[in-house]
There are 2 protein chains.
Amino acid sequence: MSTRSLDALFSPRSVAVVGASSTPGRIGAIPVTLLRTLGYGGPIYPVNPKADRIQELRAFPSLRSIGEPVDMAVFAVPESAVDAALDDAIAAGVKAAVVFTAGFAEVGAAGEAAQRRMTAKARAGGLRLIGPNCLGVMNLRTGLYATFSPAPGIGLARAGDIGLVSQSGAFGAYAYSLARERGVGLSVWASTGNEADVQLGDVIEWMADDPHTRVIMAYIEGSRDGERLRRALAAAHAARKPVVVVKVGRTALGAQAARSHTASLAGDDAVYDTLFRQYGVYRARDVEEFFNVAHGAAVAGLPRNDRVSLFTLSGGVGAFMADEASAIGLDVAELPPPEQRQILDLVPFAAPRNPVDITGQVSSDRSLIDRATRICLGSAADYGSWVGFMAAAGAGDGFWPVLEALVPGLRRDHPDTLLVVSTLLTPQRRDWLAEHGCLHFAEPADAVRTVGALARIGLAFRRAVPPPLSLLPPPTVSVPPGALDEPASLAMLAAHGVPAVAVRVVRSAAEAVEATAGGGAFAVKVVSPDILHKTDVGGVRLGVAGGAEAGAAFEAVTAAARRADPAARIGGALVAPMVTGGVECILGVRNDPVFGPVVMFGLGGAFVEVLRDVSFRVAPLERADAERMVREVRAFPLLDGARGWPRCDLAAVVDALLALSRLALAARDTLESIDVNPFVVFAPGAGPGGASALALDAVVIGRAPA
Amino acid sequence: MSTRSLDALFSPRSVAVVGASSTPGRIGAIPVTLLRTLGYGGPIYPVNPKADRIQELRAFPSLRSIGEPVDMAVFAVPESAVDAALDDAIAAGVKAAVVFTAGFAEVGAAGEAAQRRMTAKARAGGLRLIGPNCLGVMNLRTGLYATFSPAPGIGLARAGDIGLVSQSGAFGAYAYSLARERGVGLSVWASTGNEADVQLGDVIEWMADDPHTRVIMAYIEGSRDGERLRRALAAAHAARKPVVVVKVGRTALGAQAARSHTASLAGDDAVYDTLFRQYGVYRARDVEEFFNVAHGAAVAGLPRNDRVSLFTLSGGVGAFMADEASAIGLDVAELPPPEQRQILDLVPFAAPRNPVDITGQVSSDRSLIDRATRICLGSAADYGSWVGFMAAAGAGDGFWPVLEALVPGLRRDHPDTLLVVSTLLTPQRRDWLAEHGCLHFAEPADAVRTVGALARIGLAFRRAVPPPLSLLPPPTVSVPPGALDEPASLAMLAAHGVPAVAVRVVRSAAEAVEATAGGGAFAVKVVSPDILHKTDVGGVRLGVAGGAEAGAAFEAVTAAARRADPAARIGGALVAPMVTGGVECILGVRNDPVFGPVVMFGLGGAFVEVLRDVSFRVAPLERADAERMVREVRAFPLLDGARGWPRCDLAAVVDALLALSRLALAARDTLESIDVNPFVVFAPGAGPGGASALALDAVVIGRAPA
C-alpha cells in the first residue's frame with residue numbers, strides 16, 4: 001500500500017468526529033473543540049445520533065447521513081460501538097479513521113481478536129486506520145487537531161518542519177508540550193497506539209515523502225514489522241531527512257516495562273541499535289537530546305564534515321568543550337600556524353590552537369569576537385562547524401548587539417558552516433538566532449554534543465544503507481530444521497566462501513587409522529547433531545598422533561558421547577589436522593525475527609563471553625560495513641599487531657563476514673543461526689597451507705517450521 | 001594555617017578597594033558599585049590617591065591612611081602597583097586581599113617569579129591572598145560582591161546553601177548567572193585564579209566548616225597540592241556536605257587545553273576520578289548535571305538508600321525511566337505482591353511492578369495519583385526515593401492542584417523519602433515545589449539521574465574515606481633511586497607481605513646446575529637492573545630442566561643480555577620453579593606527584609594493555625576498597641569462575657593489594673613505582689606449595705632525587 005494512502009490521515013479535506021460531544025473535557029468533545037477553534041479549514045461533521053447540534057455545529061446521526069465526502073473519521077466511541085462505526089465509515093467512503101478507543105490488543109486475547117477483525121474489515125473496505133488506543137494525529141500547518149490530548153488546548157506549538165511520531169500517546173503529548181515550551185516547530189504529529197493497521201514505519205515513510213517535513217522525530221518501543229521500518233528509514237535516508245529517535249528497552253528492566261504496557265514485540269535492542277547506526281538514525285539518550293538534535297537539524301542543517309572550531313572567552317569552558325568534542329569523536333583540528341599567529345597578533349596571551357581562547361580581553365574590545373572567528377573560519381582547516389562560548393553575554397543588553405551583528409555576517413560569508421552559540425539568552429533572542437540559522441544552547445556540552453550528532457547524521461547520509469530485504473533476490477539456499485552437525489556446517493560454510501578447515505568423517509577406528517596414516521597431529525571429534533557441547537562430554541581429543549592413537553581416539557570420543565546421551569544420533573567422528581597459532585575470532589549470524597539476518601563479529605574467548613565485546617550489522621553487508629564492524633570491537637588491536645602479535649589478514653575476516661552475510665540472505669527463510677567459533681586468523685598467508693583464516697568449528701541451525 | 005583565616009575573605013567586617021574608580025565599567029569601579037548597591041553592610045573604603053571621593057564615598061590615598069580596621073582589600077591595580085599595595089596592606093593590618101590583577105604566573109617565568117615574591121610577602125605579613133588573576137569573591141548572605149564580574153550587576157542569584165568555587169573566573173561567572181536563571185541559592189562564591197596562596201582546597205575546607213554552606217560546587221582544572229585537596233574533601237565528607245565538581249581534562253585534548261590556559265599542573269585525570277569516587281565527590285558530566293545534583297542535594301538532601309519507586313502516567317515514559325535507572329545502577333525493586341494487588345484494585349490494567357504505571361485513567365480520577373503513590377511508599381520495599389512522571393500536568397491549571405495537595409502530604413507522611421516530580425512547570429511552581437522539599441525536572445532522565453547521583457553520594461557518606469597522608473606515620477622504608485633488579489624487587493615485596501615466587505640467584509653455570517639438581521622445570525632469567533624487558537632481548541628461558549640444561553640456560557641468558565646491552569650491569573641469573581595455571585593479574589603502584597601512592601589492579605595480558613581494563617585507588621586502602629577495586633574491572637568474572645575456570649582466591653588478591661598499599665606508604669618519599677606482572681592467582685591453596693597467589697615478576701623503582 002502506498003504511503004499516499006496516509007494523505008487522508010494527515011491532510012484530510014474534511015473530518016467527522018464519531019461520538020462527538022458537547023460536554024467539555026469528554027473524549028468526543030475535545031477534538032471537535034480543537035478543530036473548531038484552532039484553525040482547521042475544512043468541514044467538521046460531528047456524528048451523534050442523539051443530538052442535532054454539537055458545539056454549535058450541525059450534527060449527523062451517522063457518517064452515511066452526512067451526504068458529503070468525508071476524508072477522515074475520528075472514532076471517539078466505546079469499544080462496543082467501533083464495529084458499527086467502521087461499517088458506517090466504509091459505506092460512507094471514508095478514507096482514514098483515527099481510533100481513540102481502548103480495549104483492544106492491550107487488554108488481552110479477546111481484544112486482540114477484535115482488533116484483528118477490525119483491521120481485516122478496514123483493509124477490505126479500503127480504509128486506513130490509525131490506533132486503536134491512540135491519541136490521534138495533528139497537522140500544525142492546517143490546524144488539524146484530531147486528538148483528545150489536552151496538550152494543544154493548553155497552548156499551541158508553532159508550525160514548522162519537524163514531524164513527530166510516537167508509539168506512546170502520553171510521551172507524544174509530553175513531547176508536543178515540550179516543543180511548545182522550547183519554540184520548536186512541528187509539521188505533523190501522530191500517536192500510533194496499537195498499530196492495528198498504520199505502524200510507526202508507515203508514518204515515517206509518509207513523512208519522508210512529505211514536502212513540509214524536513215526532520216523526523218520518533219519515539220519507539222518496538223516494531224512488529226521490521227521490513228516496514230527498514231523501508232521507512234531507507235526512504236528517509238534517500239530523502240536526506242534526519243531521523244532522531246528515543247528508543248526504550250536498552251536495559252532488561254526497560255524492555256520489560258515496555259513490553260508490559262504494549263502488546264508489541266519489543267525485539268532485541270542491540271539489533272535496533274545496529275539498525276539505527278546503519279541507517280543514520282540518531283538515537284538520543286534523553287528527551288533533551290531528542291529535541292536538541294532534531295531542532296538543530298531543522299534550524300541549521302547538517303555540517304559538511306566533522307571538523308569543529310571551538311571558540312571561547314574562557315579557557316576553562318574551552319577545555320570543557322574540548323573534552324566533550326574529543327570524547328564524542330569530533331575532529332578538533334588544530335588551527336593552521338599562520339592563523340594561530342593572526343590570533344596571537346590580536347591577543348598575545350590568547351590560546352590560538354583549538355579551542356581558540358580569546359580571553360576576557362574581549363570585554364575591552366568586543367570586535368575581537370568577529371575578527372577571531374573569521375580568522376578561524378577562513379583557515380585551511382576547513383571547519384564544518386563553529387561553536388562559540390560567549391559566557392553570560394546574551395543575558396545582558398551590553399553584549400547582545402555583538403552577537404546580533406556577528407551571526408548574520410558569518411551566515412552570509414560562511415553559508416556552509418554550522419554555527420552554534422553557547423550563552424545565556426532570553427527566549428526571544430534564542431528565536432532570533434534560530435531564524436538566522438544559528439543554534440543556541442545554555443549548556444556548552446549540549447552545543448558540542450549537538451554538533452557531534454548532526455555530523456554523525458551527515459556522515460551517514462554520505463554512506464549507502466542496506467536495501468530492504470524485499471528488494472533482494474528470493475532465497476536460494478534451504479537449511480533443514482535443527483542443527484547441522486559439524487562436518488555439514490563446515491561444508492556449508494566452505495561452499496559459500498567462508499574458509500574452513502578440511503575435515504574427514506570416519507565411521508570406525510580403522511577408518512580413523514587410515515585417515516591419519518600420513519602422520520601429523522590431529523583433532524578427533526565426535527559427530528552428532530544432538531551434542532552441541534562436544535568438549536564438555538569428552539567428545540573431543542586434540543593433538544592426537546596418526547595411526548593407532550587416532551583409532552583409540554575414535555573409540556573414546558564416540559563412547560563418551562554415547563554415555564553422555566544414549567539417544568544421540570552419532571555419525572562417527574571427524575578427523576581434522578591440528579591448527580595452532582593465529583588469533584581466535586567468533587563470527588556469527590542470527591536471523592532476527594523482526595529484522596532478518598544480523599551478522600556478528602568478536603574476538604574469541606573472554607572478549608565475547610565475558611566482556612560482550614561484539615559488533616553487529618543487519619544484512620546485507622557492504623565491504624565498508626564489514627571493515628567497520630571488525631575495527632569497532634575494543635579488542636581490535638589484538639588483530640592488528642598489538643603486543644607484538646602478528647598483524648592479521650583483516651581482508652580475510654572481512655571476506656568471511658561478507659560471505660556469511662550472503663549465505664544468510666540466501667537462506668533467510670530457513671535459517672535460524674550460524675556460529676563459527678573459533679574462526680582463526682593469521683598474518684596474510686601464514687596459516688596452514690597458505691590460508692589467512694580458517695573456521696575450525698561451526699554450527700548452522702535451520703529454523704523450526706512455524 | 002587554619003581555614004578560619006579565610007573568614008576575612010568571605011565575611012569581612014570592612015572592605016577597601018585599592019584602585020577604586022568612578023568610571024562605570026572599570027575594573028576598579030565595578031566592586032565599589034556592587035558593594036554600595038547590593039546590600040553590603042560594613043564600611044567600604046575606596047583607595048585612590050588621585051580622588052577625594054569615589055562614587056559618593058570618601059576616598060583614601062592609601063590603606064594605612066584609612067585609620068580604621070580593614071578586614072579585606074580588593075586589589076584592582078595594574079601589575080606594577082601590586083607590590084606597593086601589598087606593603088600598604090600589611091602595614092595597615094589588612095587580613096585578606098583579593099587580587100584581580102593579571103600578568104603573573106599565567107604570562108611566563110617573570111610573572112611566576114613576581115607571584116612567588118608576592119606570596120612570600122603576604123605569608124610573612126600574615127595576610128591571606130586570593131588570586132592574582134581572579135574574579136574575586138562573593139557572599140550572597142551579606143551582600144559582599146568583591147568581584148569585577150558583570151554577572152551580579154545583571155541580576156542577583158538568590159542567597160542559599162550552596163558554596164561555589166571555580167578555578168576559572170569565566171566559568172564561575174557563567175555558573176553564577178545560571179544559578180540566577182535556575183533559582184538556585186548560593187551562600188558564597190569564589191574564583192581562585194592563579195592560586196598563589198589560597199587554593200581551591202582551602203576554599204572547600206572553609207566551606208566544609210561554614211554553617212551557611214550545606215553543599216559545595218567546584219570547577220576544577222587541577223591541583224598543585226593534592227594533600228590540601230584531600231584534606232578539604234575529607235573535611236567535607238566528615239561534615240556530610242556533598243561536593244559536586246566539574247573537572248576538565250578527561251581527554252588528552254581537554255587536558256592540553258586546560259594546561260594551556262593556566263599555570264597549574266593538571267595532574268592525571270584518572271587519579272582525580274579515583275579520588276573523587278573514594279571521597280564521595282560527584283563528578284558531573286556537564287553543567288546541567290552540576291546544578292541538578294547540587295541543587296537537588298540542597299533542596300531535598302540525600303536518599304537513605306538506592307531503592308527507587310518509579311511512578312508514571314505513561315507506560316512509555318515508565319520504560320524510559322526504568323532504562324535510565326537500571327543503567328546507572330539504582331535498585332528498581334519490585335513492589336511487593338500485596339501492594340501490586342492494591343494497585344490493580346485501583347486500576348485493573350495498571351502496570352503494578354515498578355515502574356507503576358497508573359495510566360491515563362488518572363484523567364478521569366485524579367485521586368489515583370495520591371492513592372497509588374501512598375501504596376508504593378508504604379510498602380515493605382522501603383523505597384528511599386520516589387520519582388513521579390506527571391506528563392504536562394504541571395503546565396495546565398487543571399492538574400496543578402493535584403500536585404499542590406500531593407507533595408506536602410507525602411512530605412509529612414514520608415519525611416525520609418526523596419521526592420522527585422517530572423512534569424512541565426512554570427518557574428513559580430518549580431520554586432514552590434522546592435520550598436516543599438520536592439525536586440522537579442522537565443526531563444524524566446534527569447529526574448532519575450539526579451536520584452542516582454544523590455544516592456551515590458549518600459552511599460559514600462556511609463563509608464570511610466582515606467585519611468590525608470599527613471596524618472599517617474612517617475615513612476619507614478627507603479627505596480634506592482632507579483630500578484631494583486628482579487630478585488631484589490621480589491624480595492622487597494615478599495618482605496612486605498606480597499607473596500612472591502622463591503628465586504635463587506646464581507652467578508655461574510655451575511651454580512645453576514647445582515641450584516636445579518633436585519629436578520623439575522625452571523625459569524632461568526638474567527638479573528640486571530638495566531634490562532627491563534628481559535624477554536625481548538633473549539634474557540629469559542622457560543621450562544628449563546634441571547642440571548646441565550640449566551647451566552646452558554644460564555650461559556644463554558647472560559650472553560644474550562650482554563649482546564643486547566654491553567654496558568648493562570649483570571648480576572648473574574635467577575632460577576625459579578616454573579609455575580603454571582592460575583589467572584594472571586597485574587598489580588601496581590604509582591607514586592603520583594600530586595596525590596601520593598595510587599594502587600592499580602587489572603587482569604593480565606590484553607585486558608590491561610589493550611582494553612585498559614584497570615581500577616585505581618589512592619592509598620591508604622581499606623579492605624573494602626581493595627575488594628571493590630578487584631570487582632570493578634570488567635574482566636572480573638574470569639577471576640570468579642566464569643567459563644569453567646576455577647574460582648580464584650579473591651582474599652589473596654585483596655591481601656596483596658593491601659600489602660602494596662602499606663609498602664607504598666611506608667616508602668612514599670623514595671618510591672616511584674611498583675609493577676607486579678604477572679601476579680598469578682589460584683583457587684584457594686591450589687598454587688604451588690599450597691599458595692593461593694604468587695608474584696612471578698616485579699620491578700620496584702625508586703624515585704630519582706629531586
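In helix 8 of chain B, B:Leu229, B:Arg230, B:Leu233, B:Ala234 and B:His237 meet B:Tyr272, B:Leu275 and B:Tyr279 of helix 10 of chain B; contact means heavy atoms within 4.5 Å. The residues of this contact divide into 6 nonpolar, 1 polar and 1 charged. The model is predicted: local features need pLDDT of at least 70, and side-chain atom pairs count only at pLDDT 80 or more. Residues are numbered from 1 along each chain as its sequence is written.

**Helix packing**
- Helix 8 (residues 226–238) and helix 10 (residues 269–279) of chain B pack at about 25°, with axes 10 Å apart.
- That makes helix 8 of chain B roughly parallel to helix 10 of chain B (angles under 35 degrees count as such).

**Salt bridges in chain A**
- Over all chains, the structure holds 95 salt bridges (a side-chain nitrogen of Lys or Arg within 4 Å of a carboxyl oxygen of Asp or Glu).
- A:Arg449 and A:Glu324 pair at 3.0 Å, N to O.
- A:Arg449 lies in helix 17 of chain A and A:Glu324 in helix 12 of chain A, so the pair ties together parts 125 residues apart in sequence.
- A:Arg449 is buried at 7% relative accessible area, and A:Glu324 is buried at 7% (buried means under 20% relative accessible area, with a 1.4 Å probe and protein chains only).

**A salt bridge in chain B**
- B:Asp697 bridges to B:Lys534, with the closest N and O atoms 3.5 Å apart.
- The two sit in loops of chain B, 163 residues apart.
- B:Asp697 counts as buried at 16% relative accessibility, and B:Lys534 counts as buried at 8%.

Technical notes
Chains lettered and ligands numbered in written order. Heavy atoms only, no water. Axes fitted to C-alpha atoms, helices over the stretch in contact; angles between N-to-C directions. Helix = DSSP H or I, 4+ residues; strand = E, 2+ residues; numbered from the N terminus. Parallel < 35°, antiparallel > 145°, perpendicular 65-115°, else oblique. Nonpolar A, V, L, I, M, F, W, Y, C, P; charged D, E, K, R; others polar. Buried < 20%, exposed > 50% of the residue type's maximum accessible area, 1.4 Å probe, protein only.
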